[in-house]
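Visitor: I would like to learn how to read strands and their neighbours in a model. Could you take me through a case?

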Amino acid sequence: MKLQSLSTKIFLTSGLILIILSLASFGILYRAQTQQAVREMDMLLESQVIALSSLVNGLPNGDFDFEMPPFFLAQYKKIKPDGFFRFMNLSGDRVIRESPNAPPVNCKNMKDGNSSSMLTDHHIFRLKTLIFRPEIDTELKNTPSFESSPICLVVGIDETPYKALIMKTLFSTIPLLITLVLILIGILLALVRRITRDLSILTRALETADFSATHEFPILPVAQTVEVKAVVEKLVGLHEQATNVYLEMWLFLGRAAHQLKTPVTAIQSTLQVLLRKERSKEELLLSLKDVESAAGLLATLTKKLISSSRISYQESPSKENIDLLTFLSEQKKMFHSLAEQYGVSLILTTSSSLTVLANPLLLSELFGNLIENAILYSPREQGAQVSISWTIEQQNAVILISDQGMGFPVQVTNALFEPFVRGDERQIPGSGLGLSIAKRSAELLGGHIRIQETSSKGSVLLVSLPMIDNK
Amino acid sequence: MRILLVEDQSLIGKAIKTGLTEESFAVDWVTTVADGIHLANEFEYDTLILDLMLPDGSGLEILNDLRKNNCRTPVIILTAKDTIQDKVDGFNLGTDDYLTKPFVFEELLSRARALTRRKYQFYGNVLEIGLLKLDTHARTVTCNGEQLNLTSKEFSVLELFLICRSQILSRNKIAEHIYTEDAEQGSNVIDVFINKLRRKLELAGVKSLIETVRGEGYVVR
């Protein structure tokens with residue numbers, strides 16, 4: 001379907017209705033005029049019938065006496081050029097008297113007193129028929145048992161001049177009608193413009209707005225209708241949301257680049273100093289070890305960034321039943337060497353099975369980051385522990401991860417799960433992404449994560465995960 | 001020339017220290033604000049190189065402490081913080097230079113040299129005394145067109161004598177200039193060092209350039 005502007009569409013639709021209405025009223029007018037004319041013709045014929053029937057007298061021999069002087073018929077034609085009359089016997093085979101221009105109508109098929117129309121030689125005649133017994137001549141009134149014979153009178157009038165008059169009358173109204181229609185169209189146009197003005201202004205404002213050059217939303221005119229107001233409000237809201245997401249993305253990118261600076265600078269400065277002169281094999285080896293260590297940091301950071309980006313655009317991950325005991329035992333094995341390196345014992349304090357509905361990759365991101373954090377932030381002393389326990393609370397699996405680290409500073413606890421926010425800025429190596437990845441993973445799994453308690457002697461992180469699909 | 005480097009990233013600190021030491025700077029390297037303030041007050045450095053984001057605070061605290069005590073030692077801020085506001089804050093507190101990470105070592109080196117020379121109000125490239133010419137840029141010493149074979153420490157001390165001409169330099173001052181805080185030094189190490197330098201200069205034809213001032217130190221007039 002062809003795309004049209006709303007105002008054009010409203011205008012065309014209502015214009016069409018207007019034209020149909022005009023044509024209909026023209027038809028109704030024509031019909032009313034015709035009916036009026038027929039009524040008038042019938043009344044005229046009625047009076048003629050009465051006048052003409054009074055001019056006939058019955059005779060005893062069954063014949064009739066007409067009181068029509070010789071000039072009557074000539075006069076009749078002159079006065080009524082479009083009319084005629086005809087007297088006939090009832091069987092219709094004998095015309096008794098008729099006007100000079102009478103068409104060959106027959107009484108035979110006509111009923112008394114009826115009005116009807118008849119078509120003869122391109123003329124339509126309106127007819128009136130009367131069957132009657134004429135009065136007896138006054139001179140013969142005293143004749144006993146004398147009754148006049150019945151006679152049929154047909155009076156007609158040509159409809160054509162009437163029809164022509166009606167058409168003339170009707171056509172004379174056409175200029176008026178057109179003027180009226182034009183005025184109505186004008187009013188309609190103005191009305192449509194007025195109704196759609198709000199929307200047109202909004203459309204134009206949006207078309208000319210430059211979204212690329214500025215973060216500012218274009219200033220829109222004040223809405224006049226509820227609908228446009230709602231649309232404008234929604235647009236402003238969406239724009240604000242989009243701008244926020246855009247800014248957050250750039251902020252994240254900036255922070256990520258900032259994090260990358262440290263290992264990149266380390267690699268660059270080590271290599272630059274190394275290449276300044278000839279080096280012994282030992283010197284080369286030592287420097288290369290430094291480079292390797294910085295590259296390791298770079299690799300960890302890159303891996304976290306990839307995880308972070310992967311879970312950022314994931315919407316509805318596939319889920320399966322996973323036993324927490326089995327899963328966390330595997331995680332414990334995976335973190336065995338790191339825990340040993342930091343002198344931390346990683347303990348699962350619950351031994352019962354508990355099934356959660358989760359995505360294995362997201363679950364690994366979630367617990368991997370939390371366990372890694374707990375180990376890295378544990379105190380560097382013998383006997384430090386990271387323990388994991390779980391239980392059921394209101395159909396949710398609640399997992400507690402406790403460490404004996406330095407705790408989270410109170411001023412950042414709210415922001416801790418945001419990317420690149422770190423409890424301890426520099427002392428412990430880390431990307432600043434672990435907790436944000438864990439939080440997003442928990443949310444994607446339909447659960448949540450929070451700091452249950454924290455002090456200078458340790459922290460407890462609580463993870464809640466659904467055991468059945470709530471959706 | 002003695003430099004205090006405050007940098008908590010071990011690999012970066014190690015690289016800078018190695019590079020500067022090889023260019024005959026004596027580098028003391030610490031990783032915290034507290035150690036930085038302590039050393040800056042303890043010794044007279046020729047230049048300070050400060051990182052900003054340190055585990056116990058900002059490198060700006062060291063700069064602030066230094067300027068509050070009216071110490072004019074040149075300072076280079078070397079940091080990953082690269083916004084205009086960061087730079088403005090640094091310069092407002094009295095830094096002489098601002099270098100952002102990742103940086104090119106050569107650039108850090110030339111800036112450190114330029115600032116060190118400025119400390120001694122020397123703005124050229126070549127120092128001359130008689131037939132002796134010392135090119136601070138090319139790091140060469142020539143006598144009558146012939147090049148002298150000096151170690152980087154010897155070059156550094158000769159440079160100090162020529163920059164501070166007619167000033168008596170104490171043994172301590174010379175030691176501070178070329179040895180770091182943790183280097184082992186005996187009492188006569190500087191005397192042995194100066195004698196060695198004198199011999200090299202005499203071999204090249206420059207005689208009695210460095211005079212001994214009894215009980216005080218050495219001077220080049």
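Guide: We can start with a bridge: Cys143(B) has Glu146(B) as its partner in strand 11 of chain B. The model is predicted, so to speak for local features pLDDT must be at least 70, side-chain atom pairs count only at pLDDT 80 or more, and totals for chains, interfaces and linings use all residues. Residues are numbered from 1 along each chain as its sequence is written, chains are lettered from A and ligands numbered from 1 in the order written, and side-chain values use heavy atoms, with hydrogens and water left out.

Visitor: How many bridges join strand 10 of chain B to strand 11 of chain B?

Guide: Strands are DSSP runs of E, at least two residues, and helices are runs of H or I, at least four, numbered from the N terminus. Two strands pair if DSSP finds at least two bridges between them. Here two bridges join strand 10 to strand 11 (residues 146-147) of chain B, and the strands run antiparallel. Their hairpin has two residues between the strands, and Asn144(B) takes a positive phi near 55 degrees.

Visitor: In which sense do strand 9 and strand 10 of chain B pair?

Guide: Strand 9 (residues 132-135) of chain B pairs with strand 10 in the antiparallel sense, over four bridges.

Visitor: Which residues of strand 10 of chain B lie on the covered face?

Guide: In a regular strand the side chains alternate between the two faces of the sheet. In strand 10 (residues 140-143) of chain B, Val141(B) and Cys143(B) form the covered face, while Thr140(B) and Thr142(B) form the uncovered one.

Methods. Buried < 20%, exposed > 50% of the residue type's maximum accessible area, 1.4 Å probe, protein only.
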